[in-house]
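Hi,

Here is the structure I said I'd pass on to you. Have a look at it first, and then read on for what turned up.

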Amino acid sequence: MNLIACPHCDLLQVIPALPPRGKARCPRCGKVVAVSKPDSLNRTLALTVAAGIAYIVANIWPLMGLSAAGRTSTTTIIGGAHMMWAQGEKITALLVGFCVVLAPAVQIGFMLALLLATRRSPAPSWAGELLRWFKFHQPWAMVEVMMLGVLVSLVKIADLATVIPGVGMFSLGALIFLFAAITAAFDPEKVWERVGWANGEEPREAGG
Amino acid sequence: MKPGLTAAEAGLISCEACGLLVRPAHADEPGYCPRCDAELEFRRHNSVQRTWALIIAAAVCYLPANILPIMISNQLGRVEEDTIISGVILLYNTGSAVLAGIVLIASVVIPLAKLIALSYLLITVQRGSVRKNRDRAKLYRLVEIVGRWSMLDVFVATFIVALIQLQPLMAIMPGMGVMFFGAVVVLTMLAAESFDPRLIWDSSKGRWDDDE
């Protein structure tokens, strides 16, 4: 019997057996309390490897460039944060650098380490430690928000100069898709089922 | 009125990090989760005070964020300052009504709505309200999801500044407004995270919604 308390309203409830891709909502407050995700860990691993590649490409190649009056300039993702720093807005530069460069990288790195560690059974307890951090870290990786920001700035600049989207832009698009797919495929419950307990007990046997 | 029991009423704690239901040895000092080693708490510590503090700090930053320029453009010696609102108007006038709408919602409406929504949640929690619990829970989930999109204007400013560096023809510098605006977004996100949604339901004990 899978007894839990709703994380948003604390109501005790039993999670019923769910069909593949089925969802369970808390009957009182409506929060989604469980989602059945078939083959979660393998799929997430494949998507994470792809996201790692897309991340590297998106960060190395220029995001976009422009030409005006015979002059051209290009920028990368990190170049945006760097220019903010150079112009004296250091706090903003750090914030941007954290949200669009560091946080997504940490996200991918944590996920890879976590998934590779959970291939062993029982998984080492540091995998649980990583997952804990991952959860609090997640809202701060803002790749999709940045993409919208890039599009808006393109439209604003289009009046002043000719804008050329770069390779980085397309891999950024792929990265957004992959991050969304990772969120949809990843079921933390599957990791917790395999992780060795912090107090040294063996993980409970769990079906599926 | 339907029956129901919360974990706290049953003397149980649901670990915030891993969701394991734990029966702590001592209610006063619940200790740590046996599975993931996170600190166990019946409710987030000082949730109401912390959230208020962050909301007030965000509200203080909201004013300079909207008044100070976020971008300063220099076109052959002609200097122009752009605030968030003037940026939206410019975008609207140059023909992108849809994008202007998106920026307006992300940078002006959402931060303000978040401040109001969180204040409303805190006040109702402090008054021990048992009404409209389900709607308040929904409101909280909405605040949690949309908050990060306010960062939009910070990124817009960043990439415009990064690209438009065609000295001496034209250059765009960031203004102080960006920093305050970023502070508003970060502080409201932290405020949403420090609010404990279970407080909405605590005055209702195990009862359900709107049971008049």
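First, the division of chain A: it has a domain 1, covering 1-36, and a domain 2, covering 39-194. Taken over C-alpha atoms, the centres of these two domains of chain A are 30 Å apart. Do keep in mind as you go that this is a predicted model.

The rest of my notes are on chain B. Chain B is more spread out than a compact globule, because its radius of gyration is 22 Å, well over the 17 Å that the globule rule gives for 212 residues. Along the principal axes, the C-alpha trace of chain B spans about 70 × 40 × 25 Å. As for burial, 42% of the 212 residues in chain B count as buried. If you take the contacts in chain B with a separation of 6 or more, 66% of them are between residues 24 or more positions apart.

Now the sheet. Chain B has an open sheet of 4 strands, in the order β4-β3-β6-β5, with antiparallel pairing. Its edge strands are β4 (78-82) and β5 (165-166) of chain B, each of which pairs on one side only.

Strand β3 of chain B (residues 71-75) runs antiparallel to β4(B), and 5 bridges join the two. One pair to look for is B:Asn74, whose bridge partner in β4(B) is B:Val79. β3(B) and β4(B) make a hairpin with 2 residues between them. In that turn, B:Leu76 has a positive phi of about 50°.

Last, a helix to look at: α1 of chain B, residues 47-67. It has 21 residues, and from its first C-alpha to its last it reaches 31 Å, close to the 30 Å expected at 1.5 Å a residue. Which residues of α1(B) are buried? They are B:Thr51, B:Leu54, B:Ile55, B:Ala58, B:Cys61, B:Tyr62 and B:Ala65. And what covers the buried residues of α1(B)? The cover includes α3 (97-126) and α6 (176-194) of chain B.

That's it from me. Happy browsing!

Key:
Residues numbered from 1 in each chain as written. Chains lettered and ligands numbered in written order. Predicted model: local features only at pLDDT ≥ 70, side-chain atom pairs only at ≥ 80, totals over all residues. Pairing = 2+ DSSP bridges. Domains from an automatic or database assignment. Rg over C-alpha atoms; globule rule 2.2 N^0.38 Å. Buried ≥ 20, exposed ≤ 12 C-beta atoms within 10 Å, placed from the backbone. Contact = placed C-beta atoms within 7 Å. Expected span 1.5 Å × (residues − 1).
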